[in-house]
Amino acid sequence: MNATGPSALPARAADAAGADAVAARAEVAEALAQLLATPGPGHGRVAEALGLPGEPDPAAHTEVTVLACHPYASVHLGPEGMRGGEAADRVAGFWRALGGTPGPDADHLGALLELAAELARREAQAAEPDRGAAWRRARAALLFEHLAPWLVPWTLEVAELADPWFDAYCRLLLAWYREELAELAPDLPAGPDRLPVALAAAPPGLAPNDGQRLLDHLVAPVRCGLVLTRASLARAAKDLGVGLRLGERRFLLRTLLEQEPVGTWAWLATEASRWEEAHRAWADQGLPDQGSARFWSERADRARQVFEELGRLAEDQVSRSGSAATIRS
Amino acid sequence: MDDPTAIPHTNGRTLTDLGRRVQAARAEVEARGETFYQGPSRIHLASFPPKERWDDWVELDSRSWPKRVERHAMLVPTTCFNCESACGLLAYVDRETLQIRKLEGNPEHPGSRGRNCAKGPATINQVTDPDRILYPLKRVGARGEGKWQRVSWDEALDALAARIRAALVEGRHNEIMVHLGRPGEDGFTERVLASWGVDGHNSHTNVCSSGGRTGFQFWCGIDRPSPDHARAKVIYLISSHLETGHYFNPHAQRITEARARGAKVIVLDTRLSNTATHADYWLSPYPGSEAAINLAICRHLIVTKRYDREFVRRWWNWEEYLRACHPEVEPTFETFERILAELYDQYTFAFAAKESGIDEAVLAEVAEVVADAGSAFACHSWRSAAAANLGGWQVSRTLFMIAALLGAVAKPGGTFPNAYNKFVPRPIHVPPHPGVWQELSWPLEYPLAQNELSFLLPHFLKDGRGRLDTYFTRVYNPVWTNPDGLSWMEVLTDEQLVGCHVALTPTWNESAFFADWVLPMGHSPERHDTHSYEQYDGQWIGFRQPVLRAARERLGERVTDTRQVNPGEVWEENEFWIELSWRIDPDGSLGIRPYYESRERPGEKLTVDEYYAWMFEHSVPGLPERAAAEGLTPLEYMRRYGAFEITRDQGPVFERPVPEEELVDVAVTDTGRVYTAAPRPDSPNIVPMGAPPPDDQGRRPVGVLVDGQVLRGFPTPSGKLEFWSSTLASWGWPEHALPGYIKSHVHPDHLEPGQMVLLSTFRLPTQIHTRSANSKWLDELAHANPVWIHPSDARRLGVRRTGDLVRVETEIGYFVAKAWITEGIRPGVVACSHHMGRWKLQGHQTGQHQAMATVTLRKEQGSWRMSRVAGVGPYDSSDPDTRRIWWTDVGVHQNLTFPVHPDPISGMHCWHQAVRVRPAEPGDRFGDIAVDTQRARDVYQRWLAMTRPAHTVSPDGTRRPSWLMRPLKPTPEAQRLPERAASGASRDGS
């Protein structure tokens with residue numbers, strides 16, 4: 001068969017090289033996904049191939065993936081900060097739209113990374129350009145709608161645990177994420193104000209008059225713009241010099257507020273400020289996900305304001321009566 | 001994190017470089033046959049133990065919770081034996097006890113891909129069944145009296161070998177018969193019989209699938225369809241067979257994939273089956289009208305010119321049809337198209353609506369969906385309608401016509417001939433076919449029968465057509481499975497008709513009660529077989545093996561006989577047949593012994609290890625190389641992984657050009673059939689298919705001329721898809737030579753006032769034929785078979801509520817069952833599941849306790865009466881679960897009340913019954929059965945009279961068209977009509 005023109009061969013070669021790079025990044029995504037599963041004999045081999053420092057400590061792995069930093073979209077985007085609900089359904093609907101069957105863990109970060117790898121491979125292996133373009137659009141939608149709204153906040157909460165292996169893991173994950181954003185930028189919604197549906201339709205942020213529901217809202221990351229892990233609450237107790245009771249996070253927060261209301265609100269305001277800065281720093285990079293980062297930044301800033309206001313109220317009460325009103329869940 | 005953009009620990013690598021590094025690491029690991037990503041997949045819904053950990057798989061013992069107690073197991077693959085799908089299983093063999101702990105799916109199996117239905121894991125129940133048969137038993141007392149004596153295998157083998165040897169020496173070859181239920185290894189038993197020179201293979205196929213097979217065979221010379229469900233756009237299923245038989249798990253998972261992609265599923269099933277509930281279109285036709293619906297769809301494709309014209313022109317034998325049936329016209333394709341439209345013009349939607357009772361508009365909508373499928377039309381029909389109606393074989397013939405019109409033959413998402421997707425490896429020894437013809441299985445009345453007339457055996461014996469000296473039933477229960485089971489019991493208890501009955505069975509059954517020898521055979525983890533089934537467009541083989549043997553060999557032990565590791569003295573068939581054959585001909589004087597001798601050690605007996613080592617080394621392309629890559633022998637590879645995929649994407653084999661070297665001294669007929677003098681190339685795949693005869697000069701058919709090119713074509717006489725069957729036309733049935741519609745014996749025109757149709761051709765998807773009874777989990781899941789009755793019928797009949805007893809009267813008797821009033825059945829039709837109603841005789845010590853009712857059986861005034869004494873209940877055994885049996889019902893054995901209905905063409909038993917249903921009479925008790933076996937004889941005679949025997953129609957002086965498939969093909973001399981019959985033969989079939 002004759003060549004169709006002088007530019008035909010270089011164009012195909014370029015396409016092939018691009019497909020090769022897509023497939024290679026897909027492999028990174030799949031390997032990262034695998035490492036979120038319960039550690040097994042194969043983990044060391046995968047970690048080594050990724051250049052990670054050995055294998056994760058089993059206890060740290062459990063802490064990150066099971067106990068403290070729940071790697072689920074619904075935990076970060078849902079109105080109660082819990083698994084399931086509309087946030088999980090939104091991810092499941094995406095799987096169904098692709099012709100797949102969502103599993104019970106469809107909104108788990110590992111599942112979404114595996115799905116990203118699968119879609120990238122399909123794009124790289126597509127026999128027809130139209131099919132390839134369709135898979136590419138699916139990749140872009142997955143990245144923008146289902147990873148961008150919460151992936152960076154998750155890495156920030158993992159950083160709280162200060163585990164060296166997971167620090168390295170998250171840096172690699174973010175490197176993969178940045179390259180995906182860069183490569184898919186032409187297919188992503190343009191403009192700093194464009195938000196993923198999950199954030200555009202997010203529940204309202206914190207308000208000082210949330211009253212009895214405030215504690216619920218404090219453990220819903222999408223409302224307050226920060227993630228209060230057990231580790232961060234333990235740090236709060238230590239910083240404030242108060243006792244840390246055993247229980248779930250709302251209980252911990254309540255007991256902190258009962259013991260030291262003014263200090264706790266102040267500590268929360270400082271924490272919100274720290275998160276606001278981290279989100280803003282990410283937004284300032286001008287990546288295609290800056291809309292998401294700004295959303296989180298604004299939510300954290302709003303939370304800071306609320307915490308400061310509640311802190312002032314608490315201070316007034318203490319000065320008036322010698323003790324502050326408690327918030328009960 | 002100081003710098004979130006830095007990639008840690010990678011020495012400046014880019015992410016792409018890192019990805020390539022992971023790719024390389026993965027490739028290296030997988031090249032060693034190991035698993036790189038060992039964790040569960042979250043996108044493929046799969047989680048399996050990685051294969052490199054199969055030698056020591058660790059799980060926590062759930063019963064020890066909250067303590068963390070580790071259990072170590074070896075994972076050993078085998079193949080499920082609980083239906084024909086042959087799905088892969090992994091046995092978890094405890095490393096401490098060396099016993100099987102559980103069975104799950106084998107992810108290395110290409111057909112089942114690690115998944116199983118309920119029947120697979122339930123294998124563990126069969127292995128540990130407290131009632132199973134563990135030792136050889138010999139009858140004491142009268143046959144059927146229920147008294148047994150434990151004997152040694154040597155005693156049984158010597159006694160049987162002596163009987164068989166005497167029969168062979170005395171020329172009584174036709175007095176030996178082996179009757180098979182669940183198929184074992186493809187062709188193994190046939191070769192045993194061939195080595196004995198015996199045409200004694202008998203199967204259950206004529207009560208199972210021969211009606212479906214017939215329709216496919218007449219089209220393409222291959223008798224099974226292989227729908228490519230996963231890639232289909234439209235999936236068209238006749239009945240719920242999918243969920244109850246072949247190939248439930250492998251097909252269902254692929255249909256699920258297709259549905260997720262948007263494929264439409266159309267199900268024709270009178271009953272609201274599980275399959276129907278998943279359909280986009282559920283059509284509930286009047287039973288027997290399915291072919292009318294198929295033909296209306298064909299007509300729609302023809303009238304709207306939505307058929308693949310080029311495919312029809314190239315591949316249908318239209319030219320042969322025109323020359324034979326329209327010699328007055330110019331044999332052009334355009335002429336054929338005109339005649340085709342005329343031929344099928346009668347099958348309008350209105351016609352199909354009248355026959356089926358389904359609205360015309362619905363039929364038209366479904367036809368449009370089918371028309372849109374193009375070549376991605378996957379269809380399946382097996383038992384059910386094709387196995388239930390007079391002329392049922394036309395259901396599959398008209399179904400395949402839809403595919404043939406759409407050009408959906410062996411295309412992606414289409415329907416393949418199964419031989420394209422099946423691989424039967426050539427074994428170490430292949431004996432020639434026998435020189436005798438077994439008329440008890442292949443009688444002259446049924447020259448076109450697809451398979452043995454197995455269910456007529458009692459009547460043939462009563463007719464005096466012959467006797468059996470030694471009759472083996474192998475994992476088969478004819479008394480219970482066949483219609484007219486009490487006629488079976490009558491001949492099995494008559495030692496003049498059946499001299500010796502040997503039941504090779506893993507579990508007690510109603511037929512084994514009437515045996516002289518009961519010899520225990522293994523379940524799926526206790527025996528060797530190879531299997532290959534058409535489940536997608538690819539070829540694979542699966543290996544069934546005694547898993548404890550393989551486990552011990554992994555630990556370095558040497559096992560030379562499967563009985564060394566099986567429970568009790570349970571054996572496997574292969575070693576049994578080798579040993580029995582050796583003892584029949586210990587000195588080789590009968591010519592049998594050479595087929596059981598080792599090649600490695602001449603003069604010594606063949607072992608199963610050598611048998612399979614030779615097969616896997618010489619007859620499975622690609623396996624030796626794949627095994628070598630892992631440092632294994634082919635046998636070691638199969639023992640480790642249990643399955644091997646040989647090819648994928650076979651595609652349209654019929655379109656392949658015939659190589660030049662096969663075209664020697666070629667002759668071409670007027671219609672393009674090409675014959676060659678070149679010998680047939682050796683093929684390691686001996687998959688069964690049609691075998692068109694040579695031409696007058698002895699050249700073999702090699703292909704067919706299509707547009708000037710010699711292509712492989714189909715294994716039919718014409719080499720093409722046979723729209724018109726010259727075989728049917730020349731063997732006495734010219735009126736049915738084209739795909740058409742035959743009114744069923746239960747067509748409304750044939751029913752008497754007050755009669756309804758009883759649909760009995762379904763079962764529940766968790767049931768195994770005879771062997772559900774020793775699977776406690778399956779027994780618990782399903783243990784009743786009520787009679788489905790539509791509410792309108794219930795009102796009309798006076799059946800007030802679900803659970804009321806009804807009496808269902810057939811031509812030869814009746815049964816009493818519970819009613820289930822449901823809208824899931826068509827008005828005017830009742831339905832009752834088979835696979836229920838197991839029984840054992842009162843006073844017998846043997847039998848299953850978990851699912852067999854205790855009954856009395858007596859003959860009164862010429863009629864048999866069965867009455868239930870007790871259902872099932874808790875009992876003490878080695879299994880504490882038997883104390884937990886909470887159910888008493890085991891269903892009703894309806895088959896006893898069915899007379900035989902052999903289709904005069906296909907030979908298939910037509911299962912549907914014309915019945916009368918009414919509330920039970922005072923004194924009727926649940927499970928009561930009455931049967932008049934003399935009336936059963938009358939019905940047999942009436943159906944026999946519908947046949948056109950070979951000696952009146954054979955066009956060439958033979959008993960049966962030689963090209964049709966047959967498990968054993970007697971020599972040409974044996975195929976000729978016997979002289980007594982040939983004198984009545986007519987060349988023109990008149």
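The model is predicted, with local features requiring pLDDT of at least 70 and side-chain atom pairs counted only at pLDDT 80 or more, while totals for chains, interfaces and linings use all residues. Residues are numbered from 1 along each chain as its sequence is written, chains are lettered from A and ligands numbered from 1 in the order in which they are written, and side-chain values use heavy atoms, with hydrogens and water left out.

## Interfaces in outline

Salt bridges are counted where a side-chain nitrogen of Lys or Arg lies within 4 Å of a carboxyl oxygen of Asp or Glu.

| Interface | Buried area | Carbon and sulfur share | Salt bridges |
|---|---|---|---|
| Domain 1 and domain 2 of chain A | about 2,200 Å² | 65% | two salt bridges |
| Chain B and chain A | about 3,500 Å² | 61% | four salt bridges |
| Domain 1 and domain 2 of chain B | about 910 Å² | 74% | zero salt bridges |

## The two domains of chain A

Domain bounds come from an automatic or database domain assignment. For chain A, that assignment gives domain 1 (8–195) and domain 2 (203–321). Their C-alpha centres lie 28 Å apart. Each domain of chain A brings 28 residues to the contact, where contact means heavy atoms within 4.5 Å.

On the side of domain 1 of chain A, the residues that lose the most area to domain 2 are A:E160, A:R178 and A:P192, together 23% of what that side buries. A:E160 also forms a salt bridge with A:R274, at 3.2 Å from N to O. Across this interface of chain A there are seven residue pairs in polar contact, both residues being at pLDDT 80 or more. A polar contact is a pair of N or O atoms within 3.5 Å; within protein, one must be able to donate a hydrogen and the other to accept it, and residues adjacent in sequence count only if both atoms are side-chain atoms.

Helices (H or I, at least four residues) and strands (E, at least two) are DSSP runs, numbered from the N terminus.

## Chain B against chain A

The contact between the chains takes 36 residues from chain B and 48 residues from chain A. One salt bridge is formed by B:E52 with A:R45, whose closest N and O atoms are 3.6 Å apart. Eight residue pairs are in polar contact across the interface of chain B and chain A, both residues at pLDDT 80 or more. Helix α1 (residues 15–31) of chain B gives the most to the chain B side that touches chain A, with 11 residues. That side of chain B divides into 16 nonpolar, 11 polar and nine charged residues.

## Sheet and domains of chain B

Chain B holds an open sheet of seven strands in the order β6-β5-β17-β16-β15-β7-β8, with mixed pairing. Two strands pair if DSSP finds at least two bridges between them. At the edges stand β6 (148–150) and β8 (201–202) of chain B, each pairing on one side only. Strand β5 (residues 137–139) of chain B pairs with β6(B) in the antiparallel sense over three bridges, and B:L137 stands opposite B:R150 in β6(B).

The assignment for chain B gives domain 1 (653–736) and domain 2 (952–982). The C-alpha centres of these two domains of chain B are separated by 20 Å. In the contact, 13 residues of domain 1 of chain B meet 12 residues of domain 2 of chain B. B:A691, B:T727 and B:W731 supply 56% of the area that domain 1 of chain B buries against domain 2, more than any other three residues. Two residue pairs are in polar contact across this interface of chain B, both residues at pLDDT 80 or more. The domain 1 side of chain B has eight nonpolar, five polar and no charged residues.

## Salt bridges overall

Over all chains, the count comes to 121 salt bridges. One of them joins the side chains of A:E123 and A:R136 at 3.4 Å, N to O. A:E123 lies in helix α6 (residues 109–125) of chain A and A:R136 in helix α7 (residues 129–147) of chain A, so the pair ties together parts that are 13 residues apart in sequence.

Conventions. Buried area is the accessible area (1.4 Å probe) that two parts lose on being put together, summed over both. Ala, Val, Leu, Ile, Met, Phe, Trp, Tyr, Cys and Pro count as nonpolar, Asp, Glu, Lys and Arg as charged, and the others, Gly among them, as polar.
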